[in-house]
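Colleague: I'm new to this one and would like a close look at a single part. Could you walk me through it, and then show me what lies around it?

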Amino acid sequence: MENLSLIAGPKTPHVLLDQSGVIELKGKSIPENSVEFYKPVFDWLDAYATNPKPATKVLVALEYFNTSSSKCILDVFRKLEAIHKSGKSAVSISWLYDDEDEDMMETGEDYQTIVKVPFTISKSS
Amino acid sequence: MKPAPDIYSIYQMMEREHIILSFKGHITKELMSSVYQIIDSRLDAIDEHPKKKKKVYNILVESLQNIYHHMDELQQEEDPEHSTSRDAMFMIVRGEDGIYKIHTGNYVLKSKCDLLQTRIDEINGMSPEELRAHYVDRLNTTELSAKGGAGLGIIDIARKSGNKLGYSFNPVSEKFSFFSLIVSID
């Protein structure tokens, strides 16, 4: 399978999906149609899930995102959770937030309570 | 003859009311992109605190996208009596006290008003902790619509604002009311 790399746009984040088991989501995510934007990410994860690396490291460093993206991000995490539960790969999620951005810290905590995957939250600086 | 409308009095009114940005018309993707850029540079220009800037930006994005998605739904209800039903308005105010107010106005079907009012009243009645729990619950259990909405917008706006949402409904025709929403950010 191929790696997927999307360059950040004015309304969309930088996305890296590397078959070596590295996943990154950085910047802002405020597209009007988030489902359309995240579709290739979902597809990539479905393909990766069939034969993942023993460890999958996920880095999420978002400045802000709209509520429509928040649902897609949860769906990304759910797919990762399924990979983790399958026992094929040890998935860990690292959630980074800007110093002083309590909203983003809280949002990280919200996901942490929903998703059953090792999940760390820390300041980016 | 006096020119109508008198642009100078509108200018004075906007100055007096500390309106930093205002728009009336169709909310399109292109418009939203421009508005985000404008507000981003305006807030940088006045050296707004990054935390507050982020809140204002976030709430603005969510408010405009709410209207945008709503207009998409309304399109299927095209009303010959009211061809402007896809029009909307918004206004961003920064008071001398540094408190921002984001005003939005758009047409909603009268049949949906009661539901919307109940929903806002419910949200206004919640403590920050309850709002957070409500958000997480909805995030966890609601499916996305084809366009990507999950009814999370209004909860997120209330949560980020930290203030009660102000609203009103003005009946304009048999079918439509004009829905006004005011969100404060202090």
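Colleague: Let's take helix 5 and helix 6 of chain B: at what angle do they pack, and how far apart are their axes? Which residues meet there?

Modeller: Happy to, and keep in mind that this is a predicted model. Two packed helices are described by the angle between their axes and the distance between the axes. For helix 5 and helix 6 of chain B, the angle is about 150° and the axes are 10 Å apart. Angles over 145 degrees count as roughly antiparallel, and that is therefore how these two helices of chain B run relative to each other. As for the handedness, helix 5 of chain B makes a left-handed crossing with helix 6 of chain B.

Now the residues. Helix 5 of chain B brings Leu131(B), Arg132(B), His134(B), Tyr135(B) and Arg138(B) to the contact. Facing them from helix 6 of chain B are Ile155(B), Asp156(B), Ala158(B) and Arg159(B). Sorted by class, this contact has 4 nonpolar, 1 polar and 4 charged residues.

Moving along chain B, you reach a hairpin, in which 4 residues link strand 4 to strand 5. These two strands of chain B run antiparallel and are joined by 6 bridges. One pairing to look for is Gly166(B), which stands opposite Ile182(B) of strand 5. Strand 4 (residues 166–171) of chain B has 6 residues and the number buried is 0, so this strand lies largely in the open.

Over in chain A, have a look at the open sheet of 6 strands, in the order 1-2-3-4-5-6 and with mixed pairing. Strand 1 (4–6) and strand 6 (119–123) of chain A are at its edges with a single partner strand each, so one side of each has no neighbour in the sheet. From one strand to the next, the twist averages 15°. Within chain A, strand 2 (residues 14–18) and strand 3 (residues 22–29) pair in the antiparallel sense over 5 bridges. There, His14(A) has Lys26(A) of strand 3 as its bridge partner.

Note on methods: Residues numbered from 1 in each chain as written. Chains lettered and ligands numbered in written order. Predicted model: local features only at pLDDT ≥ 70, side-chain atom pairs only at ≥ 80, totals over all residues. Pairing = 2+ DSSP bridges. Axes fitted to C-alpha atoms, helices over the stretch in contact; angles between N-to-C directions. Buried ≥ 20, exposed ≤ 12 C-beta atoms within 10 Å, placed from the backbone. Parallel < 35°, antiparallel > 145°, perpendicular 65-115°, else oblique. Left-handed = near helix turned anticlockwise from the far one by under 90°. Contact = placed C-beta atoms within 7 Å. Nonpolar A, V, L, I, M, F, W, Y, C, P; charged D, E, K, R; others polar.
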